[in-house]
Amino acid sequence: MASLRAYILARVLLTIPMVLILLTIVFFIMRILPGNPVLAMVGMKASEEQIKTLMKELGLDKPLWQQYLDYLWGLLHGDLGRSMIWGRRPVLQEIWDHFPATVELAVAGFTVSVLLGLLTGSLAAVKRGTLLDAGLRVWGILAYALFIPLLGMFFQLVFGVWLHWFPVAGRKNPLIDVPTITGFYMVDSILAGNPWGVVDALWHLALPSLTLGIVLSGIYTRLVRTSMLQVLGEDFVRALRSRGIPESKILFGHVLKNAFIPVLTMMGLQFALLLAGAVLTETTFSWPGLGTFLVERIEYRDYTTVQGTIVFYALLVSTVSLIVDVIYAYIDPRIRY
Amino acid sequence: MAVSKKALIIIAAIIVIAIIAGALIMMKKPAPQAESVIIIGTTDKVTDLDPANAYDFFTWEVLSNIMSGYFEYEPGTLQLKPALVESYETQDGGKVWILHLKKGLKFSDGTELTADVAKWSIDRVAKIKGDPSWFVLDFVDKVEVVDKYTLKITLKQPVSFYKAVLAVPTYFPVSPNSYPADKISSDNTAGGIGPYRIVKWERDQELVLEANPNWYGPAPKAKKIIIKFYKDATALRLALESGEIDVAWRTLNPSDIISLKKSGKYNVIEGNGAFIRYIVFNTKISPFDKKEVRQALAAALCRDKIANEVFLGTVEPLYSLVPKGLWSHIDAFKEKYGATQNLELARQLLKKAGFSETNKLKVELWYTPSHYGSTEADLAAKIKECWEATGMVEVTIKSAEWSTYLQMTRKGQLPVTLYGWYPDYIDPDDFLYPFLHTGSNRWLGNPYSNPEMDKLLEQAQVAPDQATRAKLYEQVQEMLAEDAPIVPIFQGKLYAVAQKNVKGIVLDPYMLLRYWLIYKG
Amino acid sequence: MERLKKLWRRQRVDVALTLAGAAIVLLVLFMAVSAPILAPYNPIVSVDDSLLPPSPKHPMGTDSLGRDVYSRVLYGAQIILLVVLTSTTVSLITGSTLGLISGYFGGAVDRALSVIMDSIYAFPGLILAIAVAAVLGPGVLNTVISISVVYIPTYFRMVRGHVLSVKSRLFVEAAKALGASDWTIMTRYVLPNVLVTIPVVFSMNVADAVLTEAALSFLGLGVPAPTPDWGFDLKNGQRNLLSGYWWPALWPGFFITLLALGFSLFGEGLNELVGGEA
């Protein structure tokens with residue numbers, strides 16, 4: 001276990017250069033190229049003096065390297081600074097305002113993708129060599145190639161506009177009154193003892209998470225198929241079969257379990273894709289998450305907010321991949337660090 | 001592993017059942033919408049709830065519903081009527097304004113509105129120096145308390161439209177016990193003295209208003225207003241169609257408005273807007289420093305095609321910077337260049353400027369892709385097509401994000417740009433002075449300067465009566481059409497699309513929706 | 001011939017996938033190349049009333065400005081292929097070169113480069129591309145830059161891995177002992193190994209880049225109007241989708257997915273055929 005601890009420590013230390021590098025890239029390209037948060041903020045009529053005052057107030061009059069060092073110094077103290085536009089709220093607060101929406105979408109999309117991947121992948125493996133197998137393989141590739149906005153619009157049109165089964169935008173019905181405690185609507189509804197809130201939140205999640213889930217399921221389909229075929233060919237499966245254990249029990253009791261390990265590794269790697277896919281899903285479904293928020297703030301050159309969000313994303317990605325690695329290490333004792 | 005797999009299956013099953021159950025229930029009976037609740041959807045956003053720093057259309061709308069000012073517009077008209085003041089008088093040729101406040105008005109925290117509070121609020125705006133602070137700083141010399149309910153505002157010089165300025169949300173008084181004296185309080189929901197108060201505020205998601213129990217005026221018809229924020233026009237329309245919202249307010253796509261109108265399922269309310277769109281030529285960049293070039297492009301502009309094809313008739317061609325419906329408006333560009341595209345005149349002018357089919361005028365036309373809605377790229381493409389119809393013009397279209405666009409414009413780097421204007425106060429001055437007065441158009445890169453024009457604009461600012469001012473503004477508009485540094489394209493109409501049972505939506509050139517008039521019946 | 005037959009028998013599906021992928025890619029390539037001949041109209045001017053449904057005159061209808069959707073789709077193939085192929089090639093060359101240098105020479109440069117590349121690699125690619133594209137502003141060149149930045153680490157990691165594994169092999173050490181220059185070793189021993197995997201990785205990568213390019217255009221960060229561009233046209237068409245005008249949005253969207261599918265199928269099939277696990 002000591003080696004695991006050392007490994008974790010090394011991984012944690014590795015996130016520092018990652019955050020620093022991404023931050024540096026974003027920091028400098030944003031400031032060197034034209035665009036200025038002050039101008040986007042003040043009215044068109046603002047005077048030159050007013051703009052200068054505001055620039056000074058925001059520290060934008062200092063030389064670049066000093067701004068950079070100031071920012072790093074703040075970051076070292078866990079201070080992401082304040083937004084440069086619209087009320088100058090603390091960046092961390094802005095991030096927390098938008099983060100729950102993204103987490104809800106990501107978790108739901110992730111669940112859909114894994115379930116769908118397991119289902120199609122194992123089906124393809126069991127029916128190996130048949131037309132169904134070939135079809136499912138093509139499906140796996142197609143799913144990956146689907147353009148999220150296209151799929152999303154299709155769902156909106158069919159299930160929202162024509163069939164009226166699901167809401168097509170937003171996170172909840174405005175008439176269901178659930179107090180905001182954590183920002184996660186499902187958790188809040190449970191805390192408030194409002195079962196309708198949970199149903200409503202899930203109902204709103206349906207189309208976005210299906211869109212995101214389908215697109216991300218392609219990789220799992222392929223992976224589950226490959227790894228199940230591998231496990232099915234192993235000796236212990238043959239031994240189980242020879243003992244007359246029913247096929248379904250072998251499949252669900254033993255094979256799937258063993259085939260799941262590579263899937264777990266993939267989950268860590270997929271997380272970055274999940275976040276990227278969430279940006280497009282959020283845009284298509286008017287979902288007030290971190291992705292759309294970032295895109296909007298880049299447009300206004302809200303330097304501090306963009307930097308903070310990038311740092312946050314980087315930390316998030318590293319943390320998740322670390323967690324997956326640790327889980328993996330516990331599950332598969334063959335791995336030693 | 002086995003346990004987690006089982007758990008996974010159970011979770012999945014629960015989710016699937018819940019979604020299906022939810023879908024079935026919701027299909028059967030639409031969400032219970034109480035009679036007294038109105039849900040309004042918008043693609044705008046509330047930026048800053050502090051009146052000392054708020055400076056955009058939608059935030060002003062919200063502020064106008066949770067606060068009020070000394071004067072306000074009578075709904076449906078452009079007439080100003082006293083609101084928080086009982087009466088008022090001006091002295092010294094309009095230089096001094098004496099406001100007699102209504103007595104016994106209380107903020108939601110129990111503080112009474114007195115002249116002290118009113119002075120404190122105005123001083124607060126000046127001290128904070130927020131974005132709209134020029135409404136105070138540019139005009140006001142000093143504010144004094146005469147007695148408990150009487151306020152005396154002394155201006156730097158007489159301003160003929162100061163009453164309209166006094167009506168802007170920047171002047172809305174707030175309670176000293178709820179707002180800090182020298183700091184912006186962006187998420188402050190305390191409000192002022194208004195028909196509604198904020199009970200829930202989740203940035204970018206929803207804003208919930210309830211009728212203010214302390215409100216002195218008639219009780220609002222809808223007890224509760226919920227505002228839902230959507231990312232784009234598509235989402236807004238979908239929300240209306242699924243019954244999630246009662247009113248789809250700004251801004252639907254032109255095609256959505258047309259098709260929703262055609263469907264007959266909704267009330268489509270139309271009103272005259274006072275927002276305008278125009279082309280700006282940087283007169284310091286060659287060849288746009290030549291008057292003939294600007295005039296030629298003004299003549300070659302096809303306003304009718306733009307209005308009908310890009311905006312499907314949801315906007316109106318505009319021939320002056322002063323919008324139609326506002327006093328002193330004249331169709332200056334129509335008189336000079338004709339109502340529709342005038343290719344012959346355009347070609348004549350281009351030839352005069354030294355261009356021809358072989359030596360084409362090269363135009364770099366800039367637009368910004370999201371700030372003015374998703375139709376912007378189509379607008380730029382259409383203008384290119386119209387200008388190129390002369391056979392003597394070659395247009396390259398370029399685009400930049402909003403903050404980049406503004407900065408490059410201000411630095412005078414962009415030759416031809418597309419901009420839009422929402423009025424600050426409803427007066428011709430606000431549609432002319434910021435564009436044409438030397439120095440005031442610095443935000444456009446200081447392109448145009450004409451001493452004669454400056455003189456007319458300055459005279460009109462202080463002239464006491466409307467008739468004199470109207471005459472001056474007519475001259476200004478004629479000079480504008482002649483010099484053509486800025487060419488108007490169209491004037492927007494306002495549209496609100498509501499469910500059939502929603503009544504009382506009043507749209508007028510003041511453009512802000514009054515929530516207290518809306519009801520279900 | 002005999003070998004091909006055997007291959008067909010054993011891996012019928014894989015061959016079919018590869019061929020199908022190739023066919024799709026060739027189709028789009030054909031569209032791009034012959035757009036000036038095939039397109040009945042100028043793609044950037046109105047030629048008819050706006051939002052006309054598909055008809056013999058306009059096989060895919062007209063868009064919000066009365067432009068012929070079919071012509072725009074054809075010309076749109078040019079832009080997306082240009083941007084995507086250029087940017088992935090830039091990534092390929094830059095990433096491979098850096099990987100080769102870094103892996104072969106090792107040391108501090110290797111460590112620094114690896115950390116930088118790993119950081120970019122781990123970060124959600126689209127989000128990085130959005131950040132870069134938004135700051136650089138719209139335009140073909142800027143889009144190419146934003147996309148290539150995202151994919152450089154893919155090649156860097158792949159090539160570096162190969163170099164490290166080859167470097168440790170005996171025959172390379174023997175060659176070194178015999179006095180072969182760095183250049184000879186790299187071109188003779190390292191490159192051939194890398195070249196086998198490159199087609200697979202490259203086509204998968206292009207598939208991904210197609211979606212990234214479309215996403216950037218969809219978010220308004222691609223090529224400025226009125227250039228025909230699938231991602232942008234999808235976004236522009238979305239505005240009228242709910243009013244029943246599905247064609248200006250559907251066709252560009254369909255071709256984005258088709259092109260991504262083509263490259264994916266090709267890469268996936270090829271991967272199975274060469275027996276690799278890229």
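## A helix of chain B

Just after helix H16 of chain B, Ala484(B) takes a positive phi of about 50 degrees. Helix H16 covers residues 466–483 of chain B; helices here are DSSP runs of H or I with at least four residues, strands are runs of E with at least two, and both are numbered from the N terminus. With its 18 residues, H16(B) spans 25 Å from the first C-alpha to the last, close to the 26 Å expected at 1.5 Å a residue, where the expected span is 1.5 Å times one less than the number of residues.

The buried residues of H16(B) include Leu472(B), Tyr473(B), Val476(B), Met479(B) and Leu480(B), and also Arg469(B) and Asp483(B). Buried denotes under 20% relative accessible area, exposed over 50%, and partly exposed the range in between (1.4 Å probe, protein chains only). These buried residues pack against helices H8 (291–300), H10 (332–337), H14 (428–436) and H15 (451–462) and strand E17 (486–499) of chain B.

## Basis of the model

The model is predicted: local features need pLDDT of at least 70 and side-chain atom pairs count only at pLDDT 80 or more, whereas totals for chains, interfaces and linings use all residues. Residues are numbered from 1 along each chain as its sequence is written, chains are lettered from A and ligands numbered from 1 in the order in which they are written, and side-chain values use heavy atoms, with hydrogens and water left out.

## The interface of chains C and A

In chain C, 44 residues are in contact with 39 residues of chain A, contact being heavy atoms within 4.5 Å. The two chains bury about 3800 Å² between them, 80% of it on carbon and sulfur atoms; this buried area is the accessible area (1.4 Å probe) lost on putting the two parts together, summed over both. On the side of chain C, Phe123(C), Ile127(C) and Val135(C) lose the most area to chain A, together 16% of what that side buries.

Across this interface the rule finds 2 salt bridges, each defined as a side-chain nitrogen of Lys or Arg within 4 Å of a carboxyl oxygen of Asp or Glu. Glu268(C) forms a salt bridge with Arg222(A), with the closest N and O atoms 3.1 Å apart. Helices H2 (12–33), H5 (107–122), H6 (125–136), H9 (182–218), H10 (230–241) and H11 (247–273) of chain C each supply at least two residues of the side that touches chain A. H11(C) gives the most to this side, with 12 residues.

## Salt bridges within and between chains

Over all chains, the whole structure holds 49 salt bridges. In chain B, Arg250(B) pairs with Asp44(B), the closest N and O atoms being 2.9 Å apart. This pair links distant parts of the chain, 206 residues apart: Arg250(B) is in the loop between strand E11 (247–248) and helix H7 (254–263), and Asp44(B) is in the loop between strand E1 (37–42) and helix H2 (57–66). Both Arg250(B) and Asp44(B) are buried.

In chain C, Arg67(C) forms a salt bridge with Asp63(C), with the closest N and O atoms 3.0 Å apart. Arg67(C) counts as buried because its relative accessibility is 2%, and Asp63(C) counts as buried because its value is 7%. Another salt bridge joins Asp233(C) and Arg72(C), with the closest N and O atoms 3.0 Å apart. Asp233(C) lies in helix H10 and Arg72(C) in helix H4 (residues 69–105) of chain C, 161 residues apart, and both are buried. Salt bridges that share partners also join Arg89(A), Glu94(A), Asp97(A), Glu296(A), Arg297(A), Asp302(A), Lys45(B), Asp187(B) and Arg203(B) into one network.
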